[in-house]
Structures are given as structure tokens and as C-alpha cells.
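Please open the structure in your viewer and keep the selection panel at hand.

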Amino acid sequence: MTALAVKLLWRSWRSGALQLVAGALVLAVAVVTSVALLADRVQLALTEQSATFLAADLVVRGPQSPPQQWQQWSAQQQLRSSRTASFNSMVYAGEEMHLAAVKAVDSGYPLRGEVVVSQQPFSQLASDWQPRQSGPEPGQVWVDARLLPLLNVEIGDTIELGATQLQISQVVVTEPDRGGSFSLFGARVLMHYQDLGAAAVIQPGSRVNYRFLVAGEAAAVAAFNDRVATDLAQRQDQHWQVITPDGAEASIADTVDRGRKFLLLAGSVGVILAGVALALASRQFADGQLAQVALLKCWGLRAAQIRRFYTVQIALLALLGTALGLLAGWLFHSLLLAAVADFLPAQLPPPGPRPWLIGLATGVLTLIGFALPALWHLPALSALAVLRAEIKGQPLTWLARVALALAITLVLLYSYSGSAWITVGMVVTLALLALLIGSLALLMLWALRRAGNRSGGVWRMATANLWRQRLQSQLQMLGFAAAIALLLVMTVVRGSLIEEWRWQLADDAPNHFLVNVAPYEIAPVNALLAERNLVAGDWFSMVRGRLIEINGAPPPADLKERHESLNRELNLSWSATLPENNQLVAGEWWSQQPLAAEAPVPMSIEVELAAELGLVLGDRVTFSLGGLRFEAELVNTRALRWESMTPNFYFLFPEGVLEEFPRSGITSLHIPAAEKRVINDLLRRYPTIVAIELDKVIAQIQSVVNQVTQGLQLMTAMILLCGVLILYAGVALSMPLRQQQSALLRTLGSSRGRVLRLQTIEFALLGAVAGTVAALAAELSLAIIVRQLFDGAAQIHPWLWLLGPVGGALVVALLGVSYSARSVGVPPLQLLRQLP
Amino acid sequence: MTILQAEQLTKQVSVSGRPLQILDDVNLTLQRGDSLAIVGASGSGKSTLLGLLAGLDLPSSGRVTLAGEALSTLDEDRRAALRERYVGFVFQSFQLLPSLTALENVALPLELRGTANAERLAADFLQRVGLDQRLHHYPRQLSGGEQQRVALARAFACAPQILFADEPTGNLDTVTGTAVHELLFALNQEQGTTLVLVTHEQSLAARCEKTLTLAAGRVVA
């Protein structure tokens, strides 16, 4: 029986009956595999890229020198390791001094990424920059260019740091783990770890941020991480924090995460399109099998034998189709990589096993979910069908088929994305599509039929054909509309993503912060900026204070040890209205009315900080502001958009309660590279002002975004191609009936041109209706996706309503006619004879 | 020796909730090697009777005994096993599988039975029906008469003890139909097969030893 099943499978293949099914399967596996391979490798590259922001694969950060055994543990795991220590210290050169942000690094630093140095201070020319895989030699320092005018020194001069003298040998352009941390108040001084002892700047009680860096094989890094975590837990030491590339920087992590979500969305679209193709192709294959099954039963084959017969065929098909699909997926992904070689890192890491497993699972599961339901009823077909053509068996109910397809889609999407939200979002979209197509398409077909009756001629025939075969038309529209809708969604989502990045990283996006500006300094600072044609953003006032009590009691000791915000001064600000880029999470924003004399002062806290401090609405928090107690009640929590590159505050109060305390101003502004020296002028004139430079961080983010965007554009193109192939499969499926009609019409005297015109109108109407429904479905899906994935507001996209119907009509008509034109040229008799 | 017997056979179906009598009290007995023509107007129940006699369907009441086995006491699988052992079919619409060549169509039931050298045996039968030059042609490349000759070769290749033929020449012109009749009876005689055929054609019915005429589901002659 197995041998015969294999033989018949080959015969079905040879006759072309199986090629569409096999083609759809190979396509499904190839698309999913290539997307998964590409996504996996880009994801790994992004993680590696993120690792360069950490200068390591994993960092353990704390206030003490890292324990010696960590060095041994990392060596046992064959990991490379390094140590750094960051602190603020005064540096001197003659009469000049500056509170610098010092970082001492050992010879292993950086483990990932590179330090870029230059002999030309302030040069923006890449040709002047030199990448280094190490830090300064002992006895030397590398410094920010802006330190040179501040201390009135040049490269080659020496500066004093504590008890030692160090020679400036390079200007630092970028360092991998510089990040956008607000602790970077002073100019950077990079020194060797070995010089720390001689400098003697670190004393008991000094505030030092120590980091222990490791890099190596992922499994070894994970093992080291586990060991450190266990050790810290056993010692109940809460001073150390483990940082992974994903959590390295909030804004960079967000960017990487959005990129990953888009890649997965692209893959999910591929899965669904492939499923639709397979379902259509399997239905046609199953129809063709009815006669064979009836004959087999006539000849004495039992239902169980026939079930086994088809099980063997499906298993073989799954095996061969999946293997071929995996191979095609690899080739396709290689082609894609070759096409974008200039935009991706030179050496993409090899893929892990996951993409292959995803491809394999896709092959097997799509066959089970989309092909098997179409064949399920065959073994139960009555042998009487050989005598009565009208007996077609009892296919699985519509509900059962949809339920099975949905279940498999859920499994596939979840295994592919690992995200329950994307999975549910896509399935909801699919369900909405099915509902919409079922009702709207029928309604539109009815309207077309009515309109066609009045038009007469080929229009009448075309609309009558569509109406007469309305069930088949609806099925066609399901495929067309799903493909069109998904392509529209992809286009908009991709656009939204890129737009969001562009907005975030626009050429004139703020790239510097000015902090600690006294109220009387704001006007002259604005004037100085205006002289250079620079404009500061909005100025925000802030008061520095320490959080000393929660609900009348000091914070618990363990919380205080764990949370650095309880050990330093906090920035408190005020606003009458909810600031832009802030979103209220709980509670209500305060009214504009003046506060009652006895009423508690309302307060707003960033939602994550509130949770970390265990604060809930109604809690009272006491601050110490310059030695004065100040109590407030938590009335609302906010989510902040950190990537907005504008000042954000953890603590906000209404106007009129903090103004009496000593305050300073903060603003953000864009300073072009050519105007960078303005910072030196500012700092010389107003030494207490702190300038935070984010331009280098933004440049790093931009390089990642550019690479990812190019990859996404190609991936979208691939999904578009996939959608076109699905449309083609749909058109091909309807061809036997259309050919039969064509043969009859030509036999009855219609010209080839007329038959062609008739088919063009039919296909165009089919595509236009599907496109209209698809536009509606896309709008609904986008409303959900944009809101949930991109935190954006739902909006109408008018161009969808034009592109959907017009694009649908053009594409489907083009595909349909290009396919059917061949059959119109064949003599009617030959055509009739070929038909079943 | 009796190979097929029908006793008080009735078939009733429900159409729009109302019972419709298709066959009513049909009785017949066939000995091995007999030939029977079932004739009657369209809708008289000929094909339904053929389906019941061949075990493709079950009667509403009455009893069919094929090769000594009462069909109504057997489940679908055991009826299928009985068909595999004793029964062959020829259909009006030929029922050739379009994806298989003439040779493969004839070989398929032999392969199902695990017959050794199925393709060689199939080629022999195709030669006997005059299609040795058309072995590797697909059904769409054959004329109607040729397709029915392939169907005859397929039916007789399995050496059935009883052959059911439903309007075997209904889709063929007179000349081709006559040629197919000749072949059908020649093979029948050669193999000693019992023949049950449904036909409209009096000339074909006249060549059978027995005739059963149906009108509105009842035997009238």
C-alpha cells in the first residue's frame, strides 16, 4: 500500500494536480525560513551591536570593587573579562580645573565595540578618527575635546588627577559604553586602571561605579550570569546589578525591540499568506481526488486503507516539500543578504537552529491545518459516487475547517513570534477579514450584478458570472483580500516604524541638554545661543531634593540599599498641564485651580519608579529640600517617552508649590557639529552649567536604524512578492471553470477579444471588490497594531481606499488575463476535451 | 450456481422531507455466467438497482446476496472486501483517472490487489482491446470509444466473477458503441463472467440472456 501511495503521489505530481499544493508548501516553508533566517541573523547582529553599547556581552555593576572570584569564574567559562571604574574627580592644569567624569579601564577594555580617538580635537571628519580595541596605556589619558579649552591644554600636555600626573595622548571621539546616562556631568577622562592606585582618588566612602565586563559564547555568558546571580542571592547582596545588551539603554533597547517586532510581523504575514495558498491549492487537489477515491472504494479499498493511503502521501509531501522549502529559504535569504550586503554588518553571525525548526514546523503544521481538512472527507466518500457525480462526500464543516486553520495559525504564529500579542493580533485580523469578506463581498457582488444588468454586454455577462459562482467568487476574494490587506498593513506599519525612527532621530532632533542653569543665567544663555543661530527648547525649572519618608516613615533599609534614587538628590519639577510625551497611567491630572491652604500637595510620579518604590495612589512622600521638609500626596502616575530626547521628570508637582525653593533650569537643544565649540564658550562663561552631549549616542543609534531599515525594506518586498504569488494561485484555481466558459462562448461564436474582455472585467471586478474589503480590513488592523505596537493613535489612511481597489483590480486582472490568454488561443474543441 | 440474488428489494429516500419510492419489490436471481440487461426509462431506478446489487449502497428493505454473502449483514468495509474479490465495474462516463496513462489506469486495480507484474498484465489486456499503440496516452488524448475500451480492459484485467456495467455505451456513437458491445461480450464469454448491465439500448439488451424492465421502480417485465 505504501509503495502504491508513493507511486500515485508521483503520478499526481507528474500530471500537475499536485504541483500547486507542493508549490504552496515549498513557498510557505521557503518564505518562513528565509524570513526567520534573516530575522535571526539580523537579530543576532543587533544584539551584537547592542553589546557594543555595553562594550561587553554582560556587565555586572556595583558600588564596590568586583569580587576576585568573578575573574576566576569567567576564566573557567573561557570568557574574556575586563574591569572599569567610573567616578567624578577634579582634574587640574596650572590654574584651570574641571570636575571630570573619569573612567579607569584595564587592558582588556573594550570587550565589544571600539574606542574611537583622534589627534584632531573637535574634528567631525571620519578620516581623522582612529578606532582602537583598547584604552590608554598606563601614564596616559584620553580626554573629551572640550576638556582641552576648559583646562587650556593641548594633546601632549599633562594634567593632574589626584596625586598623579597623566599625559593627554588622544582625544576621545566615542567610547562604546558611554551611553546617554545623565551622570555624565563632566568631560570624559579615560585612564588606565593601573594608575588608580598612584592617583589615590578613590577613598573609603568615594562614590564609584564599578563594572565587571565579560564576553564570549552565549552559553558561557549565561552560565556566568547564573553563577553570579546565585552567589549574590546567597550572600543577600543587593548592591550589584546585572546588565545585558537588551537592557543596556532604554532608548536603544526600544529601537531594537521595535525592529524585532517588525521582523516578526513580516514573518507572521508570510505564514498566513502561505496558509491561504495551501488551503486554495488543497481544495483543488481534493476535488480532483474524488473520482479516484470513489473508484478505489468500488474496487474494495476500505476507508481505513484510504486514510492510510493519503497519510503516506501527505507525510511524503511534507517531507519533500519541507526539505525543498528549507533549501529554497536558505538560497532566498542568501540572495537577500547579498542584495543588502552594503547595509548590513560585514560579518553576520551564523543562524541558530530556531529558523530551521520554524521552517520544519511550518511545513508540517500548514499541511495539517490547511491541506488535511480539504482531504479529510475523502476516505468516507461513498463508493456510490462512481455512479452519481453529484455525490461529493461530506467535507469538514466550514466551522471545523476554520477552527483547525485558526488553531494551527495560532500555534505557528506563536512559535514564530513568541509573542502572544502579535499572535492574537494577527488572528483577530484574519477573523475580521473572514467576516468582512463573507458579508461585504456578497453585498458588493449583489450590487455589481444589479449594476451589470443595467449596463448590458460583456459587463452583464461578467457580473452574472461572478454572481452565479458567488461561493467560488467569495473564496477567491478571501485569498485576494487577505493578501492585499496584509500587504497594505505591511506597507503602513513599515512606514510608521521608519517615520517614528525618523522623528526620533530627525536631523534637528535635540542632541544636547543644558542642566543646572540658574534662573538669572537663562536669558544670557539664550542670547549666547542666539548669536550662533541656535535655539534652546522649552526651559524647565527643577528643585533638587532628597526623598526621606514614605507615609511618615523612612524608607525600609533594604529598599534604600537597593534603590539609588533614595540615596541621591532627585530632580523635582512642576507643570500645570500633562507634559507632551507623558501619558497618564493611573489617577487624574490636577486642576488649574489654586490649592486649598490645608490640602495636601498633589504629586505625579513616573509609573515604573512608583512601582519600584512600592508607592500607590494616596501615599504620602516627604522630601528634604535644602533642609526643609516638604510633603506631597501621590495622585497620579505617568508613562514617559524617554526616546523623545526632551527633558522628562520622574517627579512632577502643580505650579505654585516649589517655586520658593532654590531652583535651576534645564533645556534641550540641537547643536550641529560645526557649532560644537559653543559648549566651551558656555562652560567658560557659566562654569556651573552642565552640558550633556547625546550626539554621539544618537549617531550610534542612527547607524543601527539605517541598517535595520534597509533590511526591512527588502523583507517587505519579499512579502509583496509572496502576496503576488498567492494571488496567482487563486487565479490559477479558478481557471478550469473559466476555461470551460471560454470554450463554450467561443463555440457559440464569441470572438477571442470578447472572451478576453469578459475575463478582464471579471478579474478586475473581483480584484476591486477584494481590494475595497481589504482596505477596510487593513484600517481596522492598523488601528489595533499602531496603537498597541507603536503606542500611536489610530488614524484613517485615505490612500488605502484608493490603492486597495485600484491596485487589486489591476493586479488581479493582469494576473488573471495573463494566465487565461493562453487558453483563449487554443481551439475550443481541444479546450473542451481537456476539461474534466 | 447462484451468484447474485435480490429478494423484495425496495429503496426509499427522503426528498424535501417527503418519502420517495425509487425501487419497489424487485426480485431477481442470476447464475454464474448469466447476462442480465436492466432496461427502463430515465428515472426508472436502473442505476439505483445496479448500486444495490453491487453493494455500493444498501436497500431500505429486502435482501441482496452476492457470492453467498447477504450484503445487508456486512458493514461497509466487508462489502468493500467482497467487491475486491468478486466484482468489476464499467461506467458510462468511463471513470478513467485523468492523471494516469491508459496503462496505469488498467494497472491500478491490479496494483491494489498486489498482483505481480501488474503493468505487464495491463499491457496484455490493452493489446486485447486493440490499444497496444496507446499504452502511454492520457485519457484526454483518447477518443470516447478508446477510453471505454481502456475501462473494459481495466474491468476484465482483475478477472471479476461478476461485472456491473452502467450504460457502457451511453456516451458513444452507434458504430463505436457496437464495437464496444462486441468486445464486452467477447471478454464476458472468454472469462465466463456474470454480466449485469444497465442500458437504454434495445440492441444491447437483446444480446443478454435475461432482461429486467423497470418502470417507476417496479419490475414490469
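Select chain B, which has 7 helices and 10 strands; helices (H or I, at least four residues) and strands (E, at least two) are DSSP runs, numbered from the N terminus. This is a predicted model, in which local features need pLDDT of at least 70, side-chain atom pairs count only at pLDDT 80 or more, and totals for chains, interfaces and linings use all residues. Residues are numbered from 1 along each chain as its sequence is written, while chains are lettered from A and ligands numbered from 1 in the order in which they are written.

Of the 221 residues of chain B, 50% count as buried. A residue is buried if 20 or more other C-beta atoms lie within 10 Å of its own, exposed if 12 or fewer, and partly exposed in between, with C-beta atoms placed from the backbone. Two residues are in contact if their C-beta atoms, placed in that way, lie within 7 Å. Among chain B contacts between residues at least 6 apart in sequence, 69% join residues at least 24 apart.

**Stop 1: the two sheets of chain B**

Select the strands S6, S7, S8, S3, S9 and S10 of chain B, which in that order form an open sheet of 6 strands with mixed pairing. Two strands pair if DSSP finds at least two bridges between them. Strand S6 (87–90) and strand S10 (218–219) of chain B stand at the edges with a single partner strand each, so one side of each has no neighbour in the sheet. Within this sheet, S3(B) (residues 35–40) and S8(B) (residues 194–198) are parallel and share 4 bridges. Highlight Ile38(B): its bridge partner in S8(B) is Val198(B).

Next, select S2, S1, S4 and S5 of chain B, an open sheet of 4 strands in that order with antiparallel pairing. Its edge strands are S2(B) (18–31) and S5(B) (69–70), each of which pairs on one side only. Strand S1 (residues 2–15) of chain B is joined to strand S4 (residues 61–66) of chain B by 5 bridges, and the two run antiparallel. Glu7(B) has Arg63(B) as its bridge partner in S4(B).

What does H1(B) lie across? This helix lies across S3, S7 (162–166), S8 and S9 (210–215) of chain B, at about 150 degrees to S8(B). H1(B) also lies across S1, S2 and S4 of chain B, running at about 125 degrees to S1(B). For these angles, axes are lines fitted to C-alpha atoms, for helices over the stretch in contact, and angles run from 0 to 180 degrees between N-to-C directions.

**Stop 2: strand S2 of chain A**

Move to chain A, whose secondary structure comes to 21 helices and 21 strands. Of its 836 residues, 43% count as buried. Select strand S2 (residues 80–93) of chain A, which runs antiparallel to strand S10 (residues 209–215) of chain A and is joined to that strand by 7 bridges. Here Ser82(A) stands opposite Leu213(A). S2(A) is also joined to strand S3 (residues 96–105) of chain A by 10 bridges, again antiparallel, and Ser89(A) has Ala100(A) as its bridge partner there. These two strands form a hairpin with 2 residues between them, and Gly94(A) in the turn has a positive phi of about 60 degrees.

**Stop 3: a buried leucine**

Select Leu466(A), located in helix H12 (residues 457–468) of chain A. Is Leu466(A) buried or exposed? Leu466(A) counts as buried because it has 26 C-beta neighbours inside 10 Å. Leu766(A) is 300 residues away from Leu466(A) in sequence, yet their C-alpha atoms are 8.0 Å apart.

**Stop 4: the largest nonpolar core**

A nonpolar core is a set of buried Ala, Val, Leu, Ile, Met, Phe, Trp, Tyr and Cys residues joined through C-beta atoms within 7 Å. In the largest one, of 186 residues, Leu278(A), Ala481(A) and Leu126(B) touch the most other members. Helix H2 (residues 19–54) of chain A contributes the largest share, 18 residues.

**Stop 5: where the chains meet**

Finally, display the contact between the chains, which takes 22 residues from chain A and 24 residues from chain B. On the side of chain A that touches chain B, helices H1 (2–15), H7 (250–298) and H21 (828–834) of chain A each give two or more residues. H7(A) gives the most, with 5 residues.
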